[in-house]
Amino acid sequence: MRRIVTPFGFSATAHEVLAGVDLSGKRAVITGGGAGLGFETARALARAGAEVTLAVRRPEAAEAAAAAIRADGGAARVAALDLADLATVKAFAADWRGPLHILVANAGIMALPA
């Protein structure tokens with residue numbers, strides 16, 4: 001088996017990894033894209049030309065993140081998606097139109113309640 005090697009290390013940023021990459025015409029969904037690592041990933045993909053959808057539990061809270069991406073010249077929208085609620089998963093899938101090129105499964109629980 002051949003080992004995959006990249007020039008990127010632990011300190012590499014998403015912007016460095018995407019430098020020179022053209023994602024124009026590509027569509028991405030980032031779960032948990034309204035804050036933290038998901039937001040930074042969405043912003044980097046949008047800067048590379050992708051149209052990003054921030055798939056989040058609280059759409060109203062993620063609108064500011066989408067607005068920041070748009071203010072930076074990117075294409076971003078917000079969609080409701082709570083991975084613990086199958087009804088929202090079905091609604092998200094039913095509302096999706098067109099191709100999906102990139103899926104970033106970022107959403108997760110940082111700490112379980114006691």
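Ala 44 touches Ala 14, His 15 and Leu 18 when residues up to four places away in sequence are not counted, a contact being defined by heavy atoms within 4.5 Å. Ala 44 and Ala 14 are 30 residues apart in sequence, yet their C-alpha atoms are 6.0 Å apart in space. Ala 44 is found in helix α2, where helices (H or I, at least four residues) and strands (E, at least two) are DSSP runs numbered from the N terminus. With a relative accessible area of 3%, Ala 44 is buried, the term meaning under 20% relative accessible area, against over 50% for exposed and the range in between for partly exposed (1.4 Å probe, protein chains only).

The structure is a predicted model, in which local features need pLDDT of at least 70 and side-chain atom pairs count only at pLDDT 80 or more, whereas totals for chains, interfaces and linings use all residues. Residues are numbered from 1 along each chain as its sequence is written, and side-chain values use heavy atoms, with hydrogens and water left out.

The secondary structure of the protein comes to 4 helices and 4 strands, and the order of these elements from the N terminus on is α-β-α-β-α-β-α-β. Of the 114 residues in the protein, 29% are buried, and the C-alpha atoms fill a box of roughly 40 × 35 × 30 Å along the principal axes. Among contacts with a separation of 6 or more, 62% are accounted for by residues 24 or more positions apart.

Strand β1 is largely enclosed by the rest of the structure, because 5 of its 5 residues are buried. Both of its faces are covered, with Arg 27, Val 29 and Thr 31 buried on one side and Ala 28 and Ile 30 buried on the other. Strands β1 and β2 run parallel and are joined by 5 bridges, two strands being paired if DSSP finds at least two bridges between them. In β2, Val 52 is the bridge partner of Ala 28, while Ala 55 stands opposite Thr 31. Strand β2 is itself mostly covered, with 5 of its 6 residues buried.

The largest nonpolar core has 20 residues, and those with the most contacts inside it are Leu 45, Val 52, Leu 54 and Ile 69; such a core is a set of buried Ala, Val, Leu, Ile, Met, Phe, Trp, Tyr and Cys residues joined through side-chain atoms within 4.5 Å. At least two residues of this core are supplied by each of β1 (27–31), α2 (36–47), β2 (51–56), α3 (59–71) and β3 (75–80), and α2 gives the most, with 5 residues. Leaving aside neighbours within four places in sequence, Ile 69 is in contact with Phe 39, Ala 42, Arg 43, Ala 46, Val 52, Leu 54, Gly 74, Ala 75 and Ala 76.

The largest pocket holds about 590 Å³ of space. On a 1 Å grid over the protein atoms alone, a pocket is an open set of points where a 1.4 Å probe fits, with protein on both sides within 12 Å along at least five of seven lines, and lining residues have an atom within 4 Å of a point; grid points are joined across faces, edges and corners, and the volume is the space filled by probe spheres set on the points. Of the 22 lining residues, Gly 32, Val 56, Arg 57, Ala 107 and Gly 108 are the closest to the centre of the pocket. The elements α2, β2 and α3 give two or more residues to the lining.
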